[in-house]
Amino acid sequence: MPHEIDKDLPAQLSADEAALLAQMPALHDVGTSRRSFMMQTGGGGIGLFAANLLATESALAQMAPEPGALSASLPAQNVVAVNFRVNGTPQTLAIDSRVVLLDALRERLALTGSKKGCDQGQCGACTVLVDGQRVLSCLTLAATLEGREVTTIEGLAKGDQLHPMQAAFIRHDGFQCGYCTSGQICSAVGMLGEAQRGQVSHVTGDVGKTTTRLTDDEIKERMSGNICRCGAYPGIVAAIQEVHSGRQAAQTWGFATETQLASARKEDGHATV
Ligand code: FES
Ligand code: FES
């Protein structure tokens with residue numbers, strides 16, 4: 001609640017300073033006497049403090065906003081219409097020209113399988129396929145995708161039939177928390193396509209000789225843009241190698257049986273259920 005100005009406050013307060021003091025909380029709100037605060041601080045001190053504060057506020061109020069500054073309350077600008085296909089379905093979006101594909105997928109199309117990790121092209125969690133090639137959707141403007149075909153992790157499986165790469169990741173335990181997994185799988189699918197087209201990598205021994213046979217080192221290098229904070233790399237490489245070679249390996253893990261669970265509970269001293 002605004003206050004009357006104490007009559008015994010320093011007389012040199014300007015009108016602005018007086019207005020500022022009038023807006024300070026009531027005495028019982030702050031638990032101390034405004035008068036004693038003023039006495040401790042000194043009239044000259046508070047005058048300087050108030051003047052500085054007012055000057056700062058005034059300067060901030062007069063600053064023009066940065067042209068590119070983002071704000072949740074800003075209206076969409078430069079709205080463009082984009083027609084593209086996502087997982088085989090035609091989509092038309094009217095979006096701000098600055099919107100990246102990752103946000104369009106997650107916020108406009110409710111396809112939340114693609115994850116936002118770093119949002120600056122460092123982690124690979126947002127990897128999707130555009131016309132079969134892997135891209136970082138956090139660095140791809142949705143407005144550039146007119147007429148293109150986008151495939152996300154949601155579009156790899158055919159109904160209940162998992163994509164071979166998804167099935168291999170499960171067989172080889174290629175994930176723990178799963179946050180990076182959609183990006184890893186999309187990236188792996190795109191990477192195998194690159195290898196089949198004869199693209200070389202930083203560790204390819206002879207770049208003059210086309211090789212489509214990927215060693216583990218080739219896979220690690222080509223997947224180095226996809227970070228896994230859980231460190232599931234051995235399973236990821238094994239899964240990709242399996243799909244690449246076409247030789248399906250046996251699943252490396254299995255669910256415990258009821259007998260095994262009961263035995264484990266007994267060993268741990270828990271009552272069986
Ligand atoms: S969120 Fe796109 S690279 Fe990390
Ligand atoms: S499985 Fe957790 S980040 Fe890769």
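Leaving aside its neighbours within four places in sequence, which residues is Gln184 in contact with? In this predicted model, where local features need pLDDT of at least 70, side-chain atom pairs count only at pLDDT 80 or more, and totals for chains, interfaces and linings use all residues, numbering runs from 1 along each chain as its sequence is written. Chains are lettered from A and ligands numbered from 1 in the order in which they are written, and side-chain values use heavy atoms, with hydrogens and water left out.

With neighbours within four places in sequence set aside, Gln184 is in contact with Phe169, Met223, Asn226, Ile227, Cys228 and Ile236, where contact means heavy atoms within 4.5 Å. Gln184 belongs to helix H7; helices (H or I, at least four residues) and strands (E, at least two) are DSSP runs, numbered from the N terminus. The residue is buried, its relative accessible area being 1%. Here buried means under 20% relative accessible area, exposed over 50%, and partly exposed in between, with a 1.4 Å probe and protein chains only.

A nonpolar core is a set of buried Ala, Val, Leu, Ile, Met, Phe, Trp, Tyr and Cys residues joined through side-chain atoms within 4.5 Å. The largest such core has 22 residues, and those with the most contacts inside it are Met165, Phe169, Met191, Ile219 and Ile240. H6, H7 and H9 are the elements giving two or more residues to this core, and H7 gives the most, with six residues. Beyond its neighbours within four places in sequence, Phe169 is in contact with Gly174, Phe175, Thr181, Gln184, Ile185, Ile236, Ala239 and Ile240.

Ala239, on that list, sits in helix H9 and is buried at 0% relative accessibility. Not counting residues up to four places away in sequence, Ala239 touches Met165, Ala168, Phe169 and His172. Ala239 and Met165 are 74 residues apart in sequence, yet their C-alpha atoms are 7.0 Å apart in space.

Phe175 is another contact of Phe169. Phe175 is found in the loop between helix H6 (164–171) and helix H7 (181–196) and is partly exposed, with a relative accessible area of 32%. Together, Leu162, Ile170 and Phe175 make a nonpolar surface patch of about 220 Å². Such patches are made of residues with over 30% relative accessible area and no salt bridge, with like charges joined within 9 Å and nonpolar side chains (Val, Leu, Ile, Met, Phe, Trp, Tyr) within 5 Å. The accessible areas come from the Shrake-Rupley method with a 1.4 Å probe, and for residues only the protein chains shown count as cover.

Turning to charged pairs, a search of the whole structure finds eight salt bridges, each being a side-chain nitrogen of Lys or Arg within 4 Å of a carboxyl oxygen of Asp or Glu. In one of them, the side chains of Arg171 and Glu242 meet at 2.5 Å, N to O. This pair links distant parts of the chain, with Arg171 in helix H6 and Glu242 in helix H9 (residues 233–245), 71 residues apart. Arg171 is buried, with a relative accessible area of 14%, and Glu242 is buried too, at 6%.

A salt bridge of 2.7 Å, N to O, joins Arg148 and Asp131. Arg148 lies in the loop between strand S4 (133–136) and strand S5 (149–151) and Asp131 in the loop between strand S3 (127–130) and S4, so the pair ties together parts that are 17 residues apart in sequence. Arg148 is partly exposed, with a relative accessible area of 31%, as is Asp131 at 43%.

Glu218 and Arg222 also form a salt bridge, at 2.8 Å, N to O. The two are separated by about one helical turn because they are four residues apart in helix H8 (residues 216–222). Glu218 is buried at 5% relative accessibility, and Arg222 is buried at 8%.

Elsewhere, helix H5 (residues 101–108) has Leu101, Leu102, Ala104 and Leu105 buried. The cover over the buried residues of H5 includes strand S1 (79–86), strand S2 (89–96), S3 and S5. Ala110, which follows H5, has a positive phi, near 55°.
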